[in-house]
Amino acid sequence: MSIKIRPEIQSLKDTIVSTRRDIHQYPELAFDEHRTSELVAKRLTSMGIDVQTGVGKTGVVGTLKGKQDGKTIALRADMDALPMQETSDISYKSVHDGIMHACGHDGHTAMLLGTAEAVSKSVDNLKGTLKFFFQPADEGQGGARYMIDDGALEGVDEAYGIHLWNYQKYGTVGVKPGPIMAAADIFKIIIHGKGGHGAAPQGTQDAVLIAAHIIQTLQTIVSRNTNPIESTVVTVGQINGGYNFNIIADTVTLKGTTRAYTENNRQLIKDRMVEIIAGIEKTFGATIELEYEDGYPPTINDPVAAENLLNAAKKIVGDGAGHPYLSMGGEDFSYFLQKVPGCYFLIGSAPQDREPLSVPHHCSHFDIDERALLVGSSVYLQLIDDLLSV
Ligand SMILES: [Zn+2]
Ligand SMILES: [Zn+2]
């Protein structure tokens, strides 16, 4: 494996790693990234980059204009941590109880600052404009939308988003055209039946039995309605109801999530849910409510932007650049990609000597191979050279 870290990035190694550890130690939740965005704003200012704070609440946008006109490209890092307790004993362990960088966003922020610093030193070679997006609240609250509402995408021609990816080894970069992350919707089903004595079911409408039918039938959407070549998921993750072993329950609530890579499948799942519930409602004579909430849309890479990224990644990791380890996770970078063409890509960061699946994202002992930070910064820098150099 031959990895060619860009020399400009290699010389910033200590800064990039210590920035990541600093942010790791002081994690902040969605829309509460005050210390992090202050750190980002200070660093960008010290590099001579124009800074706009408070973009999408706690977001920061750095703007670097080249000497010549050209495209405007946005590079994005998200900054938020997760509400969970860190359990490992690293020296830079979170000092905030119940808050932890368990997804790698500390690394994203450090990588993008590294790239910004490197490129700010050679601004004479820059043709066009760079926008550095430091985004709040990727984890569930859709910070990207708030940045878009505040005008962050005005004048932007293309956007790229980076994610460290512990499902892939160091020295790999995952990228592909088309869908790379799934639509992630949320649903709640409330069954209103009629309770009674467990020994006298006649005349009741057993909400537990109805729930069982719903759960089983919902699984036929994936197994019998969607094309098996196109991945989809329906998960019922929560079920609440009932009182005791000998009481027929009058109410049960189910909660779950659906995932799809295309808007067509997303709609098909939604439509089938409505039909299945209507059918079961009729069969059992109960009243069933469905609350369906659209979450993040699918993240769909533009073919040209994906090719740009693949070419840049090949110059850094050679054959390590290629098909990503895909998941049905959701990602709010998708909102940017609904507005402008661009590409979301994954930097292999599985901790050294560990199997790629043994330290997953969102686990309490999450950590990364920090060498991956230099790969990420280098890929971003290479992309800038390829697309915006004089
Ligand atoms: Zn995450
Ligand atoms: Zn993440």
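Before we start: a donor here is an N, O or S atom within 2.8 Å of the metal. Keep in mind that this is a predicted model.

**Exercise 1.** Find which residue bridges the two zinc ions, ligand 1 and ligand 2.

*Solution.* Start with the protein donors of the zinc ion (ligand 1): Cys103 (SG), Glu139 (OE) and His362 (NE2), at 2.0 to 2.2 Å from it. Next, look at the zinc ion (ligand 2), which lies 3.1 Å from ligand 1. The bridge between them is Cys103.

**Exercise 2.** Decide whether His362 is buried, exposed or partly exposed.

*Solution.* Buried needs under 20% relative accessible area, and exposed needs over 50%. His362 has 39%, so it's partly exposed.

**Exercise 3.** Classify the aromatic pair Phe345 and Tyr380.

*Solution.* The ring centres are 5.6 Å apart and the planes meet at 85 degrees. Planes over 60 degrees apart count as edge-to-face, so that's what this pair is. Phe345 belongs to strand β16 and Tyr380 to helix α10, 35 residues apart. Phe345 is buried at 0% relative accessibility, and Tyr380 is buried at 0% too.

Conventions. Residues are numbered from 1 along each chain as its sequence is written. Chains are lettered from A and ligands numbered from 1 in the order in which they are written. This is a predicted model: local features need pLDDT of at least 70, side-chain atom pairs count only at pLDDT 80 or more; totals for chains, interfaces and linings use all residues. Side-chain values use heavy atoms; hydrogens and water are left out. Donors are N, O and S atoms within 2.8 Å of the metal (3.2 Å for Na, K and Ca); water is not among the atoms, so sites may look incomplete. Buried means under 20% relative accessible area, exposed over 50%, partly exposed in between (1.4 Å probe, protein chains only). Rings of Phe, Tyr and Trp (its six-membered ring) pair if their centres lie within 6.5 Å; planes under 30 degrees apart count as stacked, over 60 as edge-to-face and the rest as tilted. Helices (H or I, at least four residues) and strands (E, at least two) are DSSP runs, numbered from the N terminus.
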